[in-house]
Each structure stands twice: as C-alpha cells, then as structure tokens.
Amino acid sequence: MAPSVARPDGNDQTSHMTTTVLGLLRASHPEPAVGVTVVAGLLAVGVGHRASGVAAVALTVLASQLAVGWSNDHLDADRDAAVGRTDKPVAAGAVSRRAVGLATRAATLATVLLAAATTNRTAAVWATVALVSALAYNWPLKSTPFSVLPYAVSFGALPAFVVLALPGAPGPPAWLVAAAALLGAGAHFANVLPDLADDARTGVRGLPHRLGAAGRGVAAAARLLAETVTLVRALSAGSGSTVAKCAAGPSRAGG
C-alpha cells in the first residue's frame with residue numbers, strides 16, 4: 001500500500017494565499033504607488049486624454065510603481081532584517097523573497113507591454129525609461145553619489161510619458177519635465193530622512209547621506225529656488241498653456 005501523503009487543509013491553503021497576497025500588497029509600497037498613479041491620471045485628464053487614454057496611463061504607471069516597490073523590498077530584504085524592520089513584509093516573514101522577486105519581474109514586463117499596447121512607441125519608450133531609472137536606484141545607485149539621478153529622471157519622464165501618450169505624440173513642455181525632475185530630486189532627499197540611522201548601520205551612503213545635515217539644507221534650498229525659477233520663467237513666457245494647446249487638437253481626434 002502506498003504511503004499516505006499529508007496534504008494541507010483547504011483552509012490552510014486559502015489562509016496561506018491570503019497572507020501572501022497581503023504581504024505582496026504591503027511590499028509594493030501601496031501609498032506612494034497609489035499616489036503617483038492618481039497624479040498621473042489627473043495629469044492625463046488635464047492634458048486632454050479621453051477615458052481610454054487616462055486608463056492606459058494609469059494602468060501603466062501603476063504597474064511601474066508596483067515593480068519599483070517590489071524590487072525595493074526584494075533587494076533590501078537582508079538590510080531590513082538586519083535592522084529589525086518588522087514593518088517590511090519580507091523581513092517579517094509575511095511573504096517570501098522569491099515571491100516578491102517574481103512579482104517584480106511580472107510587473108516590469110506588464111509595464112512595458114501595457115505602454116506598448118495602449119499608447120504609442122514614443123510614449124512607451126519614456127515609460128520604460130522611467131521604470132528602468134527607478135529600478136536603477138534600487139540597484140546599483142542607491143549607495144552612490146548619483147542616487148539623486150534616478151529620482152530626477154523618473155519624475156521628469158512621468159509627465160513626458162503622459163503628454164506623449166496623446167494621439168499624435170505631442171512633445172511635452174520642457175518646463176513641465178524640468179519642474180517634475182526637480183520635484184523628484186527633492187523627494188529623494190525627503191524620503192531618506194526617516195531611514196538615516198538604519199542606512200548608516202547597513203552601509204547605504206547615497207548623496208543625501210554624504211552631504212550631511214548642512215549640505216541637505218543647502219540642497220533643499222537650491223532645489224526650491226530652481227523649481228521657483230523654472231515655473232516663473234515658464235509662466236512669464238506663456239508656457240503655462242502649452243500642454244493644453246498641444247492636447248487640444250489630438251484630443252478631438254481620438255485617444
């Protein structure tokens with residue numbers, strides 16, 4: 001007689017699956033993922049996308065944000081465990097590192113496919129640039145003096161993608177891309193502040209860490225000044241209506 005093989009109870013399987021799904025959700029960094037997706041969707045509405053265009057932009061950006069969040073937790077699992085980050089699902093054992101790694105690959109592929117299938121070639125390239133840049137922050141640029149570059153590139157590429165996804169792929173206003181890039185650089189400095197102590201223990205030394213408190217203050221002031229100058233110059237030159245102008249024609253034709 002063949003030996004019996006113990007099989008997990010159906011309830012146990014369901015419980016395990018639920019735990020994994022919730023762990024993946026937490027590991028995706030849901031708050032910033034949803035926030036960036038909403039901003040992208042609102043920008044899509046603002047520049048003249050129809051409902052299908054807004055959905056295409058939002059889904060592509062959401063997939064990209066999920067890929068970045070999962071990549072971060074996958075790569076930082078050992079660091080998070082070393083500093084006792086119980087709020088991190090992988091470090092806390094709520095979801096396996098392998099599952100998060102597989103989810104990263106799936107979301108990365110979904111981003112590229114969604115952008116290619118629902119927008120146009122030029123917009124898809126910019127969506128891919130934004131994703132690759134953000135993933136490059138997670139590795140290998142996080143611990144280098146160039147850690148701010150992926151934030152600037154990815155934030156700048158976001159409005160470029162949204163505008164280029166319009167029918168006819170109109171060029172995005174330079175001031176909009178520049179302002180978004182500066183905002184991204186500022187977001188990098190703000191994001192590292194709560195983790196400075198943990199980063200020091202695990203050897204992470206990006207640009208904000210290397211500048212020190214005084215340097216971070218100067219950088220923040222310089223960024224604010226640069227953002228202000230960029231926006232004032234854009235408005236004084238009448239660039240504030242550029243997005244609406246480039247969207248007006250194509251939005252009537254379709255999208």
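Reader: At what angle do helix α2 (residues 30-47) and helix α8 (residues 148-164) pack, and how far apart are their axes?

Author: In this predicted model, α2 and α8 pack at about 40 degrees, and their axes are 9 Å apart. Two packed helices are described by these two quantities, the angle between the axes and the distance between them. In passing α8, α2 makes a right-handed crossing.

Reader: Which residues make the contact of α2 with α8?

Author: From α2 come Val36, Ala40, Leu43, Ala44 and Val47, and from α8 come Leu158, Pro159, Val162 and Val163. By class, the contact has nine nonpolar residues, no polar ones and no charged ones.

Reader: What does the packing of α3 with α6 look like in the terms of angle and distance?

Author: Helix α3 covers residues 51-75 and helix α6 covers residues 97-118; their axes lie 8 Å apart at an angle of about 155 degrees. An angle over 145 degrees counts as roughly antiparallel, so α3 is roughly antiparallel to α6. The crossing of α3 past α6 is left-handed. On the α3 side the contact includes Ala56, Leu59, Trp70 and His74, and on the α6 side it includes Arg97, Val100, Thr104 and Leu114. The residues of this contact divide into 13 nonpolar, nine polar and one charged.

Reader: How do α6 and α7 cross, and which residues touch?

Author: Helix α7 spans residues 121-141, and its axis comes within 8 Å of that of α6, with a crossing of roughly 160 degrees. That makes α6 roughly antiparallel to α7. Here α6 passes α7 in a right-handed crossing. Thr108, Thr111, Val112, Ala115 and Ala116 of α6 meet Ala124, Ala127, Thr128, Leu131 and Leu135 of α7. By class, seven of the residues in this contact are nonpolar, three are polar and none is charged.

Reader: How many aromatic pairs does a search of the whole structure find?

Author: The search finds two. One of them joins Tyr137 and Tyr151, whose ring centres are 5.1 Å apart. The ring planes stand at 80 degrees, so the pair is edge-to-face. Tyr137 lies in α7 and Tyr151 in α8, so the pair ties together parts that are 14 residues apart in sequence.

Reader: Where does UniProt place the feature "transmembrane region"?

Author: The unreviewed UniProt entry places that feature at residues 123-141, 148-168 and 174-193. An annotation of this kind can be set beside the model. Over residues 148-168 the chain is 81% helix and 0% strand, with the end C-alpha atoms 32 Å apart. Over residues 174-193 the chain is 95% helix and 0% strand, and the end C-alpha atoms are 30 Å apart.

Note on methods
Residues numbered from 1 in each chain as written. Predicted model: local features only at pLDDT ≥ 70, side-chain atom pairs only at ≥ 80, totals over all residues. Heavy atoms only, no water. UniProt positions renumbered as here; feature names shortened; annotations may be inferred. Helix = DSSP H or I, 4+ residues; strand = E, 2+ residues; numbered from the N terminus. Axes fitted to C-alpha atoms, helices over the stretch in contact; angles between N-to-C directions. Parallel < 35°, antiparallel > 145°, perpendicular 65-115°, else oblique. Left-handed = near helix turned anticlockwise from the far one by under 90°. Contact = heavy atoms within 4.5 Å. Nonpolar A, V, L, I, M, F, W, Y, C, P; charged D, E, K, R; others polar. Phe/Tyr/Trp six-rings, centres within 6.5 Å; stacked < 30°, edge-to-face > 60°.
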